[in-house]
Amino acid sequence: KKTHTNFSSINTHQGYLTFSQASIHFNNCVLLDQKPKMSFLFGGDKIKGTLVLMQKNVLDINSLTDPAKLIDGALDGFGSILDTLTSFLGASVCLQLISSTKPLLSGEGKVGKEAYLKEAINNLPTLGDKQTAFSIEFEYDSNFGIPGAFKIKNYMSTEFYLVSLTLDDIPNLGTIHFVCNSWVYNAKKYQTDRIFFANNTFVTSETPSPLVYYRQLELKTLRGNGTGERQEWDRIYDYDVYNDLGEPDKGQSYARPILGRSSDHPYPRRGRTGRKPTATDPNSESRGNSVYIPRDEAFGHLKSSDFLVYGLKSVSQDVIPLLQSAFDINFTPTEFDSFDDVFDLYEGGIKLPTDIISQISPLPVLSEIFRTDGEEFLKFPPPKVIQVSKSAWMTDEEFGREIVAGVNPGLIRALQDFPPKSKLDSAIYGDHTSTITKEQIEPNLEGFITLDEAIQNKKLFLLEHHDTIIPYLRLINSTSTKAYASRTILFLKNDGTLKPLAIELSLPHPQGDQFGVVSNVYLPAIEGVEATIWLLAKAYVIVNDSCFHQLVSHWLNTHAVVEPFVIATNRQLSVLHPIYKLLHPHYRDTMNINALARQSLVNADGIIEKTFLWGGYAMEISSKVYKDWVFTDQALPADLIKR
């Protein structure tokens, strides 16, 4: 009603109406529709936004494993006072919109004026745990175009986790979402501005031209220049070899071969940290209390607490030295005295002297794990198999089930040639053809007259832990650990279950590797001494299978081989790329878990070497297995066909 207009010119450009020297007066207006059909933009208009962030995680796994970072955490209280003053002055976090449709003369998108966070929004229904929302307003005019990215600067002393930015009521467009999920440190920590893109997807050739420069700049930042030691706030993805497992400066027994630099020790690449070389070996990297990973690869809040509770309960390297003396008092050194001691882990825990408990850790998060009264220390939930019967694990049926439904179901293969043969170089290792005979197999074939007939009908299967272990078996057995190489032949029964028919255990020939091995074949028995020996033979096979699972199937084939893909994706694919968006969720926490594993799990004298059959040769053996790793063989159905 009563609308007075005076236009000197009206033009259209890219879908927008622009007015020159215009004055518009609206009197007594009535809102007819909440969804305007047309938007009028003038200099000095505002775009409202909502920014969601989280403060630094108090359960930061890297802080808890690094004493220096614990001290830094104690200083955060002082830093937060300064941050409160900074926020009060309205200069804590600064954002600038970047246009995706309006370029500067140089080609990159226009950058809007600086905008700062305003008041907190406490009643936003979409807020997650520990998230805080802030309102923000951006100056906006018709010459800016559509926002497609934004810059952000943090002027506070501590970092925060940027969750998202939402822009509302963009003319002719509506709402624009930016999902960020990234740590933002003080602006002085970065050589280039932090940039985040709207939730659009573009292959490189279809990227809006004003955003091409920023897309390329972000990738250049993530690649780094391959030099210098990485810092906590860095976001650089670069490659390196596994040269940080050993500590040669502590002595020769702590030195480990470099994995990934030669044909003798091939290995997937890991993230580069740039730490200084050791004094003893310039090719080995020195170690510290923490391992660099790009900051956004760190655990989320939920994941970090899970890792602390379950990881520390099982493999805390700080606890082991303190417990060693207590265990040697109650047990034969390095072993359990009986199966009752093993069952105590699941039924009552292990009782320790209180003076040992008091030395472990003052951290509150460990109070439930390490009870101060010494009762039920390291009490684990019982495995399902012994919840029904403590002797269930001893049966042939359970042994066969675990081969395909246990920790390592990906190694069993159909038996195609008999007797099984070795792929080891006979000039070095001699003849390793299996000593299992047809006469030992055929009496238990249940309806099949000959072994050849059973093979043709795919009824016989082989679980082999022979070629992998033999080159290292003499070295392994020179320590307190004792092991055998093993071959197991299993029969597929008519009811669909597997039955073990024969187990071959082998040791290196006492006269030298070139003479082959000394092997013994063990057959199923249900009573007498033979039954006990058969049970022990199965135990050696299961131990081999469990070690292979942890070092190869789990660590190598699941964690280590994926890390180069994580690095390559971040170096080569922009966050705008559809393939990046497809892959990124599957990479979550991989680099962080791998870094922590190099720190305390697969390192020299780490948890794996202390508790696993392969001891100090574990990672070297996994390197030998990697020689035969083929990417395309890992998927279904290729893996099943190959086996």
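Which residues of α19 are buried? In this predicted model, they are Ala618, Met619, Glu620, Ile621, Ser622, Ser623, Val625 and Tyr626. That makes eight of the nine residues of α19, so this helix is largely enclosed by the rest of the structure. What does the covering? Among the elements lying over the buried residues of α19 are α13, α14 and α18 (607-611).

**A sheet and its helices**

Let us move on to an open sheet. Five strands build this sheet, in the order β17-β18-β19-β20-β21, and their pairing is antiparallel. Where are the edges? They are formed by β17 (413-414) and β21 (517-522); each has a single partner strand, so one side of each is left without a neighbour in the sheet.

| Helix | Strands touched | Angle with the direction of β20 |
|---|---|---|
| α9 (residues 396-405) | β18 (460-465), β19 (485-492) and β20 | about 80 degrees |
| α14 (residues 528-560) | β18, β19, β20 and β21 | about 80 degrees |

In the table, β21 is listed among the strands touched by α14.

**The second largest pocket**

How much space lies in the second largest pocket? The computed volume is about 1,600 Å³. Its lining is made of 39 residues, and those nearest the centre of the pocket are Leu411, Arg413, Lys423, Thr468 and Asp628. Several elements give two or more residues to this lining: β17, β18, α13 (470-476), α14, α19 (618-626) and α20 (638-642). Which of them gives the largest share? Here α14 returns, with six residues.

Finally, a word on cysteines. Are cysteine 94 and cysteine 547 buried or exposed? A residue counts as buried when its relative accessible area is under 20%. Cysteine 94 has a relative accessibility of 2%, so it is buried. Cysteine 547 is buried too, because its relative accessible area is 5%. As for sulfur-to-sulfur links, the structure holds zero disulfides.

Methods. Residues numbered from 1 in each chain as written. Predicted model: local features only at pLDDT ≥ 70, side-chain atom pairs only at ≥ 80, totals over all residues. Heavy atoms only, no water. Disulfide = S-S within 2.5 Å. Buried < 20%, exposed > 50% of the residue type's maximum accessible area, 1.4 Å probe, protein only. Pairing = 2+ DSSP bridges. Helix = DSSP H or I, 4+ residues; strand = E, 2+ residues; numbered from the N terminus. Contact = heavy atoms within 4.5 Å. Axes fitted to C-alpha atoms, helices over the stretch in contact; angles between N-to-C directions. 1 Å grid on protein atoms, 1.4 Å probe; cavity = no way out; pocket = protein on both sides within 12 Å on 5 of 7 lines; lining within 4 Å. Points joined across faces, edges and corners; volume = space filled by probe spheres on them.
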